[in-house]
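The sequence and the model are shown first.

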Amino acid sequence: MLRLIWTRSPFSTRPFGLSGLFSGVSLRRDRARSRSLFNKRSSEHTPTLRSDRDPRHLSFRCPQGSFRFPWGKEAFDKAKTEDKPIFLSVGYSTCHWCHVMERESFEDKEIGKILSDNFVCIKVDREERPDVDKVYMTFVQATSGGGGWPMSVWLTPELRPFIGGTYFPPRDSGRRPGFKTVLMRIMEQWQNNREALETSGERVVDALRKGTSISANPGETLPSGPDVANRCLQQLAHSYEEEYGGFRDAPKFPTPVNLMFLMSYWAVNRTSTEGAEALQMALHTLRMMALGGIHDHVAQGFHRYSTDSSWHVPHFEKMLYDQAQLAVAYITAYQVSGERLFSDVALDVLQYVSRDLSHEMGGFFSAEDADSLPTPESSEKREGAFCVWTAGEVRELLPDTVAGATGGATQADIFMHHYGVKDQGNVELEQDPHGELQGQNVLIVRYSVELTAARFGLSVDRLSEVLTSARAKLAEVRRARPQPHLDTKILASWNGLMLSGFARVGAVLGDQALLQRAEQAARFLRDHLWDEEGQRILHSCYSSDKVDIEQTASPIAGFLDDYAFVICGLLDLYEATQTVQWLQWAEELQQRQDQLFWDAQGSGYFSSDPSDPTLLLSLKQDQDGAEPSANSVSSMNLLRLSHLTANREWMQRSQQLLTAFSDRLTKVPIALPEMVRGLLAHHYTFKQIVICGQPDAEDTAGLISCVNSLFLPYKVLIVADGNTGGFLYQKLPVLSSLLQQDGKATAYVCQDFTCALPITCPQELRRLLLE
């Protein structure tokens, strides 16, 4: 059997622990070479294309014409009829190396002929088919010790993998075999050693099936929430980088799941040293990210990650799921600290999403690429070209002298000082191995407004005016530059996350425009990503011109992520607006999620439909990464719904789910910080905060505002308007016994609907909630 080992790229996922199954020809590069290779960006970007036959997918291209297939019956039947192995390539629209491999290998005349003559080629967008990606990424990680995209896997006609890897150069280079060589070896083995290939592949799949099993043992109970949380805190503290925040040296990722855990830990340990440490780690990380180059100071929003430890030089791609989670993290930081910086950044993120990632009907686009043309005349795209500046450009754009500034300083002098702009550029060579950022500046806040104001003899208010004006001028120039590729794919799961972002920020700030935008997003989900006839969420829809919405002939059915994230968004929207229809829809979706994905034998939810015969493994995601795992989110969704609808079965289901993951939670809780939050919710009993009053009355709004001003991770908010025939009163008959006092809006703080004395004063309510 041909056996290969690939090194991990910076974009790799956590390795699965079965790498000892395979060993052999090594393709490992030295670390410096690997980092250099995977930091280089594409000179070309190919958008996702729609097949007339099936869901959209990235296309293979070669001089002979298109020979790609989507994941589906047509390709499977062809492989069986022609008795050919399948070559599966998995990538995504804004993946740099996916397009490099397409250009270098798939469009190469010789390689293209080898592929089309000897393999059935399937191309999958991992964002469209996360179920397929997860199954075969598990195989690649298990057999190589790492993974990443593009992912290259060879399968039998029965879809069983036997060899896998990531990016291959087209031709041999030193000890590294090229893609052509790999294909020739696989063809030889397929002809001469096929039985061994198939047997070995089947053996690996069996081992993976056993190794990935997650289930609750009979009689097992929930692990101790405080013990697991303390261990999670210790593990995060061990990896915490004190100078700039974050949880590794470089590259640094935002990891909102870590930050939300830390702030939740503080919320239930406010008076302890450990609680203070948790809060300090979260707030310091959020501050440093906001000041760093990972934050777009000119056009808002956050880039994907930082290539250095100081959050300075980013990978310039912007992802919707990052914006969504960071908006929630920053508004939570504002709730716990009262610092205006954090609410300003949350609004900044939503401004970017509203302007650049929004469909006019209300949905949200997936991503903005890292690469773009430096000028309209350029033929080659470069990393960050849309975002960076030379010192000369800044001086030309900001030439005016600032009245009253020390030494006749110009607006450019002040801006360059504050944002670290240098004549020679401010990007270190090790962060720019290919010279794409030579002489360029990535804006990063180097001084506080107080220090910069003092440096130039200005008041803080006057300095803020100068910097705001300067950023606006740069933003106008940027809008005229060639735009990065926009991935206009609209995913239900990521839209659910973004729905939470607008709902949460809007509720905390009492911003009706943000809440209206959240409701528009919810209506979009219902109108375009809900199949009423089939009673199912659809995973994706598409827009080519920001106006029309397209759906494929065979729409992709929603996965667990789609249900869990949309339900969470709807619950956040219900609590923010008290519009009951969103709670009703969340309840319906939870019932459907239970029917489709719940594991009745082992508890927990499968990531995709376990009855799908094309998927070799039924997986339950056991890691909170760039996105939280859907099981983690569901553990809290179930608990919230149980308190909003009095359905105790959902509370029990949440406990069963957590029990299934108890081994992972106990041993490596740092892998599941969002699920640890769900576990803590069972230890620190949920509060039901019921406000009796008319929703549009001023006194009711005062009590709601008091609740929303505080970070209370384990609560639900219900406004009881006296409509005893309505949905809420039917679900929660106890509401009929909670009445207004002296004609005023009245708050009741309850646990299991055993309530404290009624309160009509917002200050008294605040005191009680903080006890």
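Which element gives the largest share of the lining of the second largest pocket? In this predicted model, that share comes from H12, with 10 residues.

The second largest pocket has a volume of about 1,400 Å³. Its lining counts 45 residues, and His295, His297, Asp348, Tyr419 and Arg471 lie nearest the centre. Two or more lining residues are given by each of helix H10 (273-291), helix H12 (340-356), helix H15 (449-455) and helix H16 (460-479). By residue class, the lining of this pocket has 22 nonpolar, 10 polar and 13 charged members.

An open sheet is formed by three strands in the order E10-E11-E14, with antiparallel pairing. Strand E10 (318-319) and strand E14 (486-487) are at the edges with a single partner strand each, so one side of each has no neighbour in the sheet. Two antiparallel bridges link strand E11 (residues 367-368) to E14; Glu368 has Leu486 of E14 as its bridge partner.

| Disulfide | S to S distance |
|---|---|
| Cys95 and Cys98 | 2.2 Å |
| Cys750 and Cys755 | 2.0 Å |

The S-S torsion of Cys95 and Cys98 is about 85°, so this disulfide is right-handed. For Cys750 and Cys755 the torsion is about 95°, so that disulfide is right-handed. Cys95 is buried at 3% relative accessible area, and Cys98 is buried at 2%. Cys750 is buried at 1%, whereas Cys755 is partly exposed at 29%. Cys761 takes part in no disulfide, and the nearest cysteine sulfur, that of Cys706, is 8.5 Å away. Cys761 is partly exposed, with a relative accessible area of 30%.

How values were computed: Residues numbered from 1 in each chain as written. Predicted model: local features only at pLDDT ≥ 70, side-chain atom pairs only at ≥ 80, totals over all residues. Heavy atoms only, no water. 1 Å grid on protein atoms, 1.4 Å probe; cavity = no way out; pocket = protein on both sides within 12 Å on 5 of 7 lines; lining within 4 Å. Points joined across faces, edges and corners; volume = space filled by probe spheres on them. Helix = DSSP H or I, 4+ residues; strand = E, 2+ residues; numbered from the N terminus. Nonpolar A, V, L, I, M, F, W, Y, C, P; charged D, E, K, R; others polar. Pairing = 2+ DSSP bridges. Disulfide = S-S within 2.5 Å. Buried < 20%, exposed > 50% of the residue type's maximum accessible area, 1.4 Å probe, protein only.
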